[in-house]
Amino acid sequence: MPVDYANKPSSLAPTARAQQGNGPAPARSNYARGRRLLACLLSASWLLVSTASLGQAVIIVTGDGTGNTTAPSDDPGFDNVGNVNGLSGVYLGNGWVLTAHHVGSGTMEFGGVSYPVVPGSWQRLTGGGGSPPDLAVLRMVGDPGLPVTALATSSPPPGSDVVMIGRGLSRGSATTWSGNDGWGWTSPRTKRWGRNKISTSGSIILDTVSATLNFDSSPPSAVSDEAHVASGDSGGGLYWKSGGTWYLAGTLFVSLTFSGQPSNISIFGNATGAVDIATYRSEILSIISVPACSNGLDDDLDGQIDVGADPGCDDANDASEQSPALICDDGLDNDLDGFIDFPADSECPSSLGPSENPTVPALSLWPAVFVAAMLGGLGLRHLPHAAIGRPSV
Ligand SMILES: [Ca+2]
Ligand SMILES: [Ca+2]
Ligand SMILES: [Ca+2]
Ligand SMILES: [Ca+2]
């Protein structure tokens, strides 16, 4: 379920306010500074208040809003955005997925395949002290075969063109609230991409260093496929192309709406908030770059953790707790019985077991004559009488 910050304690409310507009990007601000911005911007009618909508598909202005469900021609990483706990997340590499903290921990799905969470892997980023950001990582059991995501080393400056990808609710009926046109949200949750431009960089929203992206109605502020987040997009990716390379520059996590605005609509003048990845990049990398055989986690669910305990680990730098040399710890269902490895396949006595189906080699010990008799019997039951030499009648 999407988290609705409107239902959180009121103490969260002040930090939920964010500056919007195309003015100079505010430096990394604190709460007090945020309040000054509030006062200033209220008078200018530019202030938006985060009321809700965390966990939000991308609402696009294009056509009837149902498009953009396959990768754009210049693809920033469409396949790397998947389902995390019913919301969104981005596959980074080495089994790790990045999402907003409020998305929580749960089963992941990429390319139609579900992946369980490695127990204990879900963790919130600390941000290096103070209040932690709305950002978390979790590791999957298995390998989705997706490319590594490049993390932005600097924040995209205001005016940067970006692509947002999420799998939240879709665009519903047209609506108008307080003179602002837009759309309601409707099922289903669908993976979709849209575009926008960075409005501000370095804003603090819900204790999180963030970029904001205004949802604009007309050029030059509005771009083609102008987009805004909806419920379920939380954890989705904000991509920025710099120097010819696509980078993950943000994690979608909040819809910034007008005070009093209904929580299930996107209207022009709203903005998307995205966690600034460059700010948290080093901490993310410090977690996800640890090899599976020295990360303190049971990555393959066999009850054995890391080198020394899990026979699938060759050494501390091994990136997998499984080994192609071990039938009972190779990640494969070798005997096609629906169970994989020790301990899931009960015929594996341990990770070092020689086979997932020990009864098969035992057959060779049976007396040859008994096996022959059994096969002959089977044949008699299935062959027509003529085929075994009896006269036809
Ligand atoms: Ca491990
Ligand atoms: Ca293990
Ligand atoms: Ca193992
Ligand atoms: Ca196996």
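**Entry: ground rules.** I'm working from a predicted model, where local features need pLDDT of at least 70, side-chain atom pairs count only at pLDDT 80 or more, and totals for chains, interfaces and linings use all residues. Residues are numbered from 1 along each chain as its sequence is written, while chains are lettered from A and ligands numbered from 1 in the order in which they are written.

**Entry: overall count.** I found four helices and 21 strands in the protein chain. Both are DSSP runs numbered from the N terminus: H or I over at least four residues for helices, E over at least two for strands. Of the 393 residues, 45% are buried, meaning that 20 or more other C-beta atoms lie within 10 Å of a residue's own; 12 or fewer makes it exposed, in between is partly exposed, and C-beta atoms are placed from the backbone.

**Entry: the seven-stranded sheet.** Back to β5 and β6: strand β5 (residues 87-93) and strand β6 (residues 96-99) run antiparallel, joined by three bridges. Both belong to an open, antiparallel sheet ordered β8-β7-β4-β5-β6-β10-β9. For pairing, DSSP must find at least two bridges between two strands. β8 and β9 (123-124) have a single partner strand each, so one side of each is left without a neighbour in the sheet. Helix α2 (residues 277-288) lies across β5, β6, β9 and β10 (136-139), at about 15° to β10. That angle is between N-to-C directions, on a scale from 0 to 180 degrees, with axes fitted to C-alpha atoms (for helices, over the stretch in contact).

**Entry: Val113.** I checked this residue in strand β8 (residues 113-115). Is Val113 buried or exposed? Val113 counts as exposed because it has 12 C-beta neighbours inside 10 Å. Its C-alpha atom is 8.0 Å from that of Pro144, 31 residues apart along the chain.

Entry: I then listed what Val97 touches (C-beta atoms within 7 Å, placed from the backbone): leaving out residues up to four places away in sequence, the contacts include Val84, Tyr91, Met108 and Met140.

Note on methods
Two residues are in contact if their C-beta atoms, placed from the backbone, lie within 7 Å.
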